[in-house]
Amino acid sequence: MRVMVFVKATEDSEKGIRPTPETAEMFEAMGRFNEELRNAGVLLTADGLKPSSQAKRIAFDGPGRRVIDGPFAETRELVAGFWLWEVKDMDEAVAWVKRCPNPMPGPSEIEIRPLYEMADFQEFLTPEAAEIHDRTREKLSRT
Amino acid sequence: MTAGEPHRAIEAIFRIERARLIAGLARVVRNFDLAEELAQDALVIALSEWPRTGVPANPGAWLMTAAKRRAIDAIRRDKMRERKHEEIAREKDGAFDGARGSELWAIEAAMDDDLGDELLGLIFTACHPILSPDARAALTLRVIGGLTTDEIARAFLSSEATIAQRIVRAKKTIGKAGLTFEAPRGPERAARLPSVLEVIYLIFNEGYAATAGEDLVRPSLCLEAQRLGRMLTGLMPEDAEVFGLLALMEIQASRLKARIGPDGALLTLNEQNRARWDQLMIRRGLEALARAEALGGDGPYVLQAALAACHARARSAAETDWPRIAALYDRLRAVAPSPVVDLNRAVAYSMAFGPEAGLKLIDEIADAAALRNYAPLPAARGDFLFRAGRPAEARCEFEAAARLTRNARERAFLLARADACD
């Protein structure tokens, strides 16, 4: 299963990257962690996001589109970075996140969100499509 | 870290560490079963201790230490027994081989010696050419992928007993051959790499060959193979073919969702809705291919990946760079000649340089024994003839192809093309 793993923003991350020894140390530790993820075949992609001061939001209301410039106040709801992982289950994702170095100087949070997959749309399948799936399953079990 | 860790969480940590753990143990004890058993023992110890003490900072090292302690205990017990026998022998003829005593010390030293390439050694051992490709695949999925025998059986549409027996036999063969569980070096590594890549690609194709129901009834072998391929690029970052295989799998996997038509049948590249191709997988594939090419790769996997990349880069079938594909088939034919490559090369030439170019090449291979009764050969020839304005001859070829194919949908398609020749 694929999961998107979000590093939530903090007051520190909202200030942008500053070249302190702590930042350098964290980057090094994060580099090692990413290497471990890559070597285990788990890491699909990863990136860090700039502070929300450089962000824009577009608010939708019927036909209306309103652009709101950052920064945004609700810091803990913001995302500071993300990974996309391929894991066997949520337990594995949790185990990996636990061995991640703390991405922030202070307390911080990482959130794991599984992606929708074909199986999640099962209930929405049309009867025809469901029948095809059943037929294929039957064919496979007979082979 | 937190105490009160539930068993499921500990098992998830164990799954992450398992292959490396078995690899480190197998190199010392030189026995698959014993290594697996010791790893399992370590899990049991962790399950009893971690809920109380919390997960250690480095769980992998902790598990390894626990397993090695068990190993040394086991060896000591064996030695004690041996020494008793020796004492009896000494009493008999008054001789004692002093060298024996240092053996335990040597094993204990080896336990602490971390070479860092144990995992690679385990992969090369499980994929050793003395085993059949099927046995290699089952063993690799078991010890490296961590799949259960039941999961492997379901994936290969086989019975659990068959797979279990296959794994037992494979382990026995490895034991009898006295393999060291170490990664070969230098020219030997290069010589043995194809048998590793072959197994990973076999696992991938086993998953890829399945149709729509795959995700519902089989653990996804494609994902497992991609994971193995990614692991291998981490372990052998200087090998072009390793990156070539990964690139090939990532690009092919990008089409998994687009390959199945509404009636459940497989769609050709031309028929697929390219908007459904997984762009993330394509990007990863192209990156791996770039790395392979930077390493000077020109082997069969790199070339096949380059071919797959030509299709991945084309936004529509019409935008396909056929001259480049034709040139790649020229190179592939040189490093991995096969009648099927020749046939695909003829198709590429017909697309790049016109139907006559295709006809010229296909007529050179029409007598190849491997292509006799091979439906795609007359089907391609029919297509070339049709495009060259020779419909009567094309019709005969399409009809011949329709007689040869066993696939009903393909037969209907070929007969429709025959009818269109009037």
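Predicted model: local features only at pLDDT ≥ 70, side-chain atom pairs only at ≥ 80, totals over all residues.
The contact between the two draws on 14 residues from domain 2 of chain B and 13 residues from domain 3 of chain B. On the domain 2 side, the elements that put in two or more residues are α14 (300-313) and α15 (322-335) of chain B. Of these, α15(B) gives the most, with 8 residues. Sorted by class, this side of domain 2 of chain B comes out at 9 nonpolar, 2 polar and 3 charged residues.

Now for how individual helices pack, starting with α6 and α9. Helix α6 of chain B covers residues 133-143 and helix α9 of chain B covers residues 186-208; their axes are 9 Å apart and the packing angle is about 80 degrees. Angles from 65 to 115 degrees count as roughly perpendicular, so α6(B) is roughly perpendicular to α9(B). From α6(B), the residues involved are Pro133(B), Arg136(B), Ala137(B), Thr140(B) and Leu141(B), and they meet Glu198(B), Val199(B), Leu202(B) and Ile203(B) in α9(B). Taken together, the contact of α6(B) with α9(B) has 6 nonpolar, 1 polar and 2 charged residues.

Next come α16 and α17. The axes of helix α16 (residues 339-353) and helix α17 (residues 355-365) of chain B come within 6 Å, crossing at roughly 165 degrees. With the cut-off for roughly antiparallel set at angles over 145 degrees, α16(B) is therefore roughly antiparallel to α17(B). The crossing of this pair, α16(B) and α17(B), is right-handed. On the α16(B) side the contact is built from Pro339(B), Asp342(B), Leu343(B), Arg345(B), Ala346(B), Val347(B), Tyr349(B), Ser350(B) and Phe353(B), while α17(B) brings Pro355(B), Ala357(B), Gly358(B), Leu361(B), Ile362(B) and Ile365(B). By class, that works out as 11 nonpolar, 2 polar and 2 charged residues for α16(B) with α17(B).

Helices α18 and α19 follow. Helix α18 (residues 376-387) and helix α19 (residues 391-404) of chain B pack with their axes 8 Å apart, at an angle of about 160 degrees. That angle is why α18(B) and α19(B) count as roughly antiparallel to each other. Here the crossing, of α18(B) and α19(B), is left-handed. The tally for the contact of α18(B) with α19(B) is 10 nonpolar, 1 polar and 3 charged residues.

Finally, a word on confidence. For the complex, the predictor gives an ipTM of 0.79 and a pTM of 0.85. Chain B has an average pLDDT of 87, and 89% of its residues score at least 70. Residues 94-101 of chain B, however, have a pLDDT below 50, and in the model this stretch makes 3 contacts beyond near neighbours in sequence. Residues 211-217 of chain B also have a pLDDT below 50, and this stretch has 23 contacts beyond near neighbours in sequence.

Note on methods: Residues numbered from 1 in each chain as written. Chains lettered and ligands numbered in written order. Contact = placed C-beta atoms within 7 Å. Helix = DSSP H or I, 4+ residues; strand = E, 2+ residues; numbered from the N terminus. Nonpolar A, V, L, I, M, F, W, Y, C, P; charged D, E, K, R; others polar. Axes fitted to C-alpha atoms, helices over the stretch in contact; angles between N-to-C directions. Parallel < 35°, antiparallel > 145°, perpendicular 65-115°, else oblique. pLDDT = per-residue confidence, 0-100. Left-handed = near helix turned anticlockwise from the far one by under 90°.
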